[in-house]
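Student: I have a structure open and would like to walk through it. Can we take it piece by piece?

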Amino acid sequence: MKLTINGKEAELNVSDDMPILWAIRDVAGMTGTKFGCGMAQCGACTVHLDGQAIRSCVTPVSAAVGKNITTIEAMHEDKVGQAVQAAWQQIDVVQCGYCQSGQIMSATSLLKQNPKPSDADIDAAMSGNICRCGTYQRIRTAIHEAAAKLA
């Protein structure tokens, strides 16, 4: 199966129904995207599919054919992703860090769709991403910081 991952074509020998998560982690070797719940409930597996945040643990690779999958590994090449990652470091968001790649992917998707989100916009967009360490306030602050730097 031919997929485009982070702007590069990859030929992966996977079944049509394999979740994107396992194709990118186990077959393509990009381990930045994490497995959380496996039921699209926690957001640890968030990637972008043609710019939209999706849960890769429940999305089959067949849904990605002809589209671009973007993972956390490519965020340093994206202007919005760079701003989000810089804000994450500035605000010192991370505690254990396990959920943070999914958080950054959701935050980047939010800022691409809404460059000046309110607290309510942020809470709504990030509500599907769970952080067991409870870094939600710092995540909200970092998203506002990234938005300000991008303005």
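Tutor: One term to begin with: contact means heavy atoms within 4.5 Å. Also keep in mind that this is a predicted model.

Student: Ok. Which residues does Asn 6 touch, leaving out those up to four places away in sequence?

Tutor: Asn 6 touches Met 30, Asn 68, Ile 69, Thr 70, Thr 71, Glu 73 and Ala 74. One of these, Thr 71, has its backbone nitrogen 2.7 Å from a polar atom of the Asn 6 side chain.

Student: And where is Asn 6 found?

Tutor: Asn 6 is in the loop between strand 1 and strand 2. That hairpin has two residues between the strands, and Asn 6 takes a positive phi near 55 degrees there.

Student: Buried or exposed, that Asn 6?

Tutor: Buried means under 20% relative accessible area. Asn 6 has 18%, so Asn 6 is buried.

Student: How far is Asn 6 from Gly 102?

Tutor: Their C-alpha atoms are separated by 16 Å, and the two residues are 96 apart along the chain.

Student: Helices now. Which residues of helix 1 are buried?

Tutor: Helix 1 covers residues 20–27, and Ile 20, Leu 21, Ala 23 and Ile 24 are buried.

Student: What covers them?

Tutor: The cover includes strand 1 (2–5), strand 3 (46–49), strand 4 (52–55) and strand 5 (68–70). Just after helix 1 comes Gly 29, with a positive phi of about 80 degrees.

Student: How many residues does helix 3 have?

Tutor: Helix 3 (residues 100–113) has 14 residues. From first C-alpha to last it reaches 20 Å, close to the 20 Å expected at 1.5 Å a residue.

Student: And how many of those are buried?

Tutor: Twelve of the 14, so helix 3 is largely enclosed by the rest of the structure.

Student: Enclosed by what? What covers its buried residues?

Tutor: The cover includes strand 3, strand 4, strand 5, helix 2 (79–91), helix 4 (119–126) and helix 5 (136–150).

Student: Pick a residue from helix 3 for me.

Tutor: Take Thr 108, which is in helix 3. At 0% relative accessibility, Thr 108 counts as buried. Setting aside neighbours within four places in sequence, Thr 108 is in contact with His 48, Met 75, Asp 78, Val 80, Gly 81 and Val 84.

Student: One more. What does the side chain of Ser 101 reach?

Tutor: The backbone oxygen of Gly 32, at 2.9 Å. Ser 101 also lies in helix 3, and its 10% relative accessibility counts as buried. Not counting residues up to four places away, Ser 101 touches Gly 32, Thr 33, Lys 34, Ala 44 and Ile 72.

Student: Last thing. At what angle do helix 4 and helix 5 pack?

Tutor: About 115 degrees, with their axes 10 Å apart. The crossing of helix 4 and helix 5 is right-handed.

Student: Which residues meet there?

Tutor: Asp 119, Ile 122, Asp 123 and Met 126 in helix 4 meet Ile 139, Arg 140, Ile 143 and His 144 in helix 5.

Notes. Residues numbered from 1 in each chain as written. Predicted model: local features only at pLDDT ≥ 70, side-chain atom pairs only at ≥ 80, totals over all residues. Heavy atoms only, no water. Buried < 20%, exposed > 50% of the residue type's maximum accessible area, 1.4 Å probe, protein only. Helix = DSSP H or I, 4+ residues; strand = E, 2+ residues; numbered from the N terminus. Expected span 1.5 Å × (residues − 1). Polar contact = N/O pair within 3.5 Å; in protein donor to acceptor, adjacent residues only side chain to side chain. Axes fitted to C-alpha atoms, helices over the stretch in contact; angles between N-to-C directions. Left-handed = near helix turned anticlockwise from the far one by under 90°. Pairing = 2+ DSSP bridges.
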